[in-house]
Amino acid sequence: MQPYEGKISVSVMCSDLMNLERDIKQLERNGVDYLHVDVMDAHFVPNLTFGVDFIAAMHRVTALPLDIHLMVEKPLPLLQAMDIRPGDRISLHVELGEPLHELAKAVRARGAHFGLVVNPSTPAEALAPYLDEIEWVVLMLVNPGFAGAKLIEGILDKVAHTRRYLDTNGRPEVEISVDGSVSCERARLMRDMGASIFVGGTAGIYRKGMSLEESIPLFRQAIK
């Protein structure tokens, strides 16, 4: 297995949104790698969250790359309006289908990186038409839409399966990101299965009774 450096992508949906800039500065001081931003339209998933103005505001207060997860039915207008910075990471759902080839070009034209998200019920083999387009795969471990959702039973096996699928299809350099109920214990297991990017929310970073200065080093240790 190719060695990958474990990276932390912190879900800002789980932050204190009334004090988000303060939280971002704490995250920067504690060496997180990305800020994970869930953009939802209340159609593709049953929730409505951040939009283009929020992303622009984040860019004004941090140099950290944004890890933007688009859970929307019509991503192109959003991409065209969004303040995308070179080095940002844009993930779209493989369930959207054929427009993804053009959407990948639109993302790269802005200097950003392109990845695909796979829902729990979608097999890794759905990535087949897009293997040459992607730089990473996001595996949803929960049904997307809400923070604190319950882990899908048996879903961790999908991490190892996806790693094998990518490797045997000539894309060993494609990284696997895992999103949803990622605790330190689960992160450690998935690290051994081939995951390398870990979206930290209430299970791993914003833990009850624990400060960011306490939780982030523990999470980092789990993915080394």
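Helix α5 is followed by G170, whose phi is positive, near 80°. Helices (H or I, at least four residues) and strands (E, at least two) are DSSP runs, numbered from the N terminus. This is a predicted model, in which local features need pLDDT of at least 70 and side-chain atom pairs count only at pLDDT 80 or more, while totals for chains, interfaces and linings use all residues. Residues are numbered from 1 along each chain as its sequence is written, and side-chain values use heavy atoms, with hydrogens and water left out.

**The helix.** Helix α5 covers residues 157–168. Its 12 residues should span 16 Å at 1.5 Å a residue, and the end C-alpha atoms are 17 Å apart, which agrees. The expected span is 1.5 Å times one less than the number of residues. K158, V159, T162, R163, Y165 and L166 of α5 are buried. Seen down the axis of α5, these buried residues fall within an arc of 165°, so they line one face of the helix. The arc is that of the directions from the helix axis to the C-beta atoms. D157, R164 and T168 are exposed on the other side of α5. Buried means under 20% relative accessible area, exposed over 50%, and partly exposed in between (1.4 Å probe, protein chains only).

What do the buried residues of α5 pack against? They pack against β5 (113–118), β6 (136–140), β7 (175–179) and α6 (184–193).

**A residue in β6.** V138 is found in strand β6. It counts as buried, at 4% relative accessibility. Leaving aside neighbours within four places in sequence, V138 is in contact (heavy atoms within 4.5 Å) with S91, L116, V117, V118, S177 and D179.

**Salt bridges.** The whole structure holds 10 salt bridges. Each is a side-chain nitrogen of Lys or Arg within 4 Å of a carboxyl oxygen of Asp or Glu.

| E175 | K7 | 2.9 Å |

E175 in strand β7 and K7 in strand β1 (residues 7–11) form a pair that links distant parts of the chain, 168 residues apart. E175 counts as buried at 14% relative accessibility. K7 counts as buried at 14% too.

E133 lies in the loop between β5 and β6 and R108 in helix α4 (residues 100–109), so the pair ties together parts that are 25 residues apart in sequence. E133 is buried at 17%, whereas R108 is partly exposed at 34%. Salt bridges that share partners join D16, R22 and D23 into one network.
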